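Let's take a walk through a protein model together. Please have a look at the chain first, and then read on.

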Amino acid sequence: MEALVKHLVQALVDQPDQVDVSIEENDTTVQVTVQVASEDMGKIIGKQGRIANALRTVLKAVGARMHKKVYVEIVE
């Protein structure tokens, strides 16, 4: 899952080398934290949060196959 998130986010930003993805997983949940450069926050969130919501939708679909809830947090 980490490779998928990193690939998707790096394709969207101007500074792909500053993308950091961390995943904390337990029995029922997966917490995905995506850290990007402050200049790229707007590109990851998108207009009215559409890109962030699309990223969450994709990851929730992956989590559903693993029978886990996925929470995505985007930080600077």
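The paragraphs below go from the sheet to a helix, then to the core, and end with a few single residues.

Before we start, please note that this is a predicted model, in which local features need pLDDT of at least 70, side-chain atom pairs count only at pLDDT 80 or more, and totals for chains, interfaces and linings use all residues. Residues are numbered from 1 along each chain as its sequence is written, and side-chain values use heavy atoms, with hydrogens and water left out.

Let's begin with the sheet. Helices (H or I, at least four residues) and strands (E, at least two) are DSSP runs, numbered from the N terminus. Here 3 strands make up an open sheet with mixed pairing, in the order S1-S2-S3. Strand S1 (20-25) and S3 stand at the edges with a single partner strand each, so one side of each has no neighbour in the sheet. On average, neighbouring strands of this sheet are turned by 15 degrees against each other, direction ignored.

What holds strands together in a sheet? They pair through backbone hydrogen bonds, either parallel or antiparallel. To count as a pair, two strands need at least two bridges found by DSSP between them. S1 and S2 are paired in the antiparallel sense over 6 bridges, and they form a hairpin with 3 residues between them. S2 and S3, in turn, are paired in the parallel sense over 7 bridges.

H1 touches S1 and S2, and its direction makes about 150 degrees with that of S1. H3 touches S2 and S3, and its direction makes about 150 degrees with that of S3. For these angles, axes are lines fitted to C-alpha atoms, for helices over the stretch in contact, and the values run from 0 to 180 degrees between N-to-C directions.

Now let's follow helix H3 (residues 50-65). Which residues of H3 are buried? They are Ala52, Leu55, Leu59 and Gly63. Seen down the helix axis, the buried residues of H3 fall within an arc of 75 degrees, so they line one face of the helix. The arc is that of the directions from the helix axis to the C-beta atoms. Buried means under 20% relative accessible area, exposed over 50%, and partly exposed in between (1.4 Å probe, protein chains only). On the face of H3 turned away from its buried side you will find the exposed residues Arg50, Thr57 and Arg65. The buried residues of H3 pack against helix H1 (2-12), strand S2 (29-35), helix H2 (41-45) and strand S3 (69-75).

This brings us to the core. A nonpolar core is a set of buried Ala, Val, Leu, Ile, Met, Phe, Trp, Tyr and Cys residues joined through side-chain atoms within 4.5 Å. The largest one has 17 residues, of which Val5, Val9, Val32, Val36 and Leu59 touch the most other members. H1, S2, H2, H3 and S3 are the elements that give two or more residues to this core. Leaving aside neighbours within four places in sequence, Leu59 is in contact (heavy atoms within 4.5 Å) with Met1, Leu4, Val5, Val32, Val70 and Val72.

Finally, let's visit some single residues. In strand S2 we find Thr33, which counts as buried at 18% relative accessibility. Gln35 is in strand S2 too, but with 35% relative accessibility Gln35 counts as partly exposed. Out in the loops, Gln48 lies between H2 and H3 and is exposed, with a relative accessible area of 72%. The phi of Gln48 is near 55 degrees, a positive value in a residue other than glycine. His67 lies in the loop between H3 and S3 and counts as exposed at 71% relative accessibility. The phi of His67 is also positive, near 60 degrees.
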